[in-house]
Amino acid sequence: MKLTYLKQALADGLHTLLSRKIYLVCLIIVPLAFTWFFIDMMDEGLPLKVPSGVVDLDNYQLSRQVTRSLESSELVDISQKLESYHSAMLKVRSGEINGFFMIPENFQRDAIGGRTPTVTYYCNLTYFVPGSLMFKGFKTTAVTTAGGLVQTNLVAAGIPSSLASTTIQPMTMQIQAIGNPWMNYNYYLTNSFVPGIIALMVALVTAYSICEEIKRQRSRQWLSRAGNSIVVALAGKLIPQAIVEIAIGLCCQAIMYGFNHFPMNCPPSHMVWAMVLLVFASQAFALTICCLITNLRLAVSLCSLTGILAFSLAAFSFPVSSMYPPIGIFSYILPVRYYFLIYIDQALNGIPLYYSRTFYAALIVFLLVPLPLLWRLKRRMQEQVYLP
């Protein structure tokens, strides 16, 4: 008998899923569109050749040499050579360039004379990534120029060239970028934002599909067709959604790891199971919210708020250990954080699965959280009273 009710509930859930375009848009189109957007946007790994300018107020041999050094940098594109600070700032404000490098008057005379000329560079950090890369390019040129001037003065004072070089740079640093030696932003951003979007869409659709039944006063009928079992009713509604979203999540993984050759230093099954658990954990997270808040507007708003904050609180861009403790604690109640940690440990670093077991277990724990609260949701469904 229960099997009959489950088949009926699954049929109803599938019919609802196919009859509403909003479900298909949120579960299929949005994740695939975001995957294509990030992969296409970050196709080169870094936004190289940021449009920049240079203001050379000295225009002698040394300043022209600095300009040539800037032009040879892969991070900046000296697209405009400007005459004054005022004209350069107008270009920045109009958006034609993202910043400029300014060489002062009498730069060569002061440098050769042992005085300390000051070079300045202005970066528009409204666009953080290109602004940071431009800052890095400008700073590298400034430091290299300063080191060259000091070496020239030391050699002119009679110090051998080899000793002057050792004095300026007594040690050589070798940087090893663990996990992402290519310094490819695509491997970082796409693998954090796409699962975040999937988790957000799953939570929104789950909350909407459950609370809508109460709002439209169809919850009693929904429960009755499932044999008055809240478990069967929820299984019939959520399983079709989960199957669709798991298929889309695996498709996104295939696009990233298969077609675009993102780092995959673990068996593919490790990331497949992480995606499956992420979808079910996101549904359980939204179901918990629905058990506590059956109001459609509030439940969807809360799922949306937590889903958006996950991009910051899940430590994609800022470590939890450096957050304020009252804020950082919220990162542990977000399913997508544990998926991100699995990605770092498995796909990027390729460490043994044993060391990621707690992250998989955390995603499974999310499935158990709403179970003690299902009686509350069932009571609201039977009352069928919607409070706007």
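Modeller: Happy to! One term before we start: two strands count as paired if DSSP finds at least two bridges between them. Keep in mind, too, that this is a predicted model.

Let's take strand E1, which spans residues 50–56. E1 is mostly covered, with six of its seven residues buried. One of its partners is strand E3, residues 99–103, and the two run in the parallel sense, joined over four bridges. Within this pairing, Gly 53 sits opposite Phe 100 of E3.

Strand E2, residues 76–82, is also paired with E1 in the parallel sense, here over six bridges. If you look for Val 50, you will find that its bridge partner in E2 is Val 76. To get from E1 to E2, the chain passes through helix H3, residues 61–72, and this β-α-β crossover is right-handed.

Now for the nonpolar cores. The largest one has 80 residues, and Leu 234, Met 271, Tyr 343 and Leu 377 have the most contacts inside it. Helix H8, residues 185–215, supplies the largest share of this core, with 16 residues. Leaving aside residues up to four places away in sequence, Tyr 343 touches Tyr 187, Asn 191, Tyr 257, Met 271 and Leu 348.

Notes:
Residues are numbered from 1 along each chain as its sequence is written. This is a predicted model: local features need pLDDT of at least 70, side-chain atom pairs count only at pLDDT 80 or more; totals for chains, interfaces and linings use all residues. Side-chain values use heavy atoms; hydrogens and water are left out. Buried means under 20% relative accessible area, exposed over 50%, partly exposed in between (1.4 Å probe, protein chains only). A crossover is right-handed if, with the strands pointing away from the viewer, the path from the first strand over the helix to the second runs clockwise. A nonpolar core is a set of buried Ala, Val, Leu, Ile, Met, Phe, Trp, Tyr and Cys residues joined through side-chain atoms within 4.5 Å. Contact means heavy atoms within 4.5 Å.
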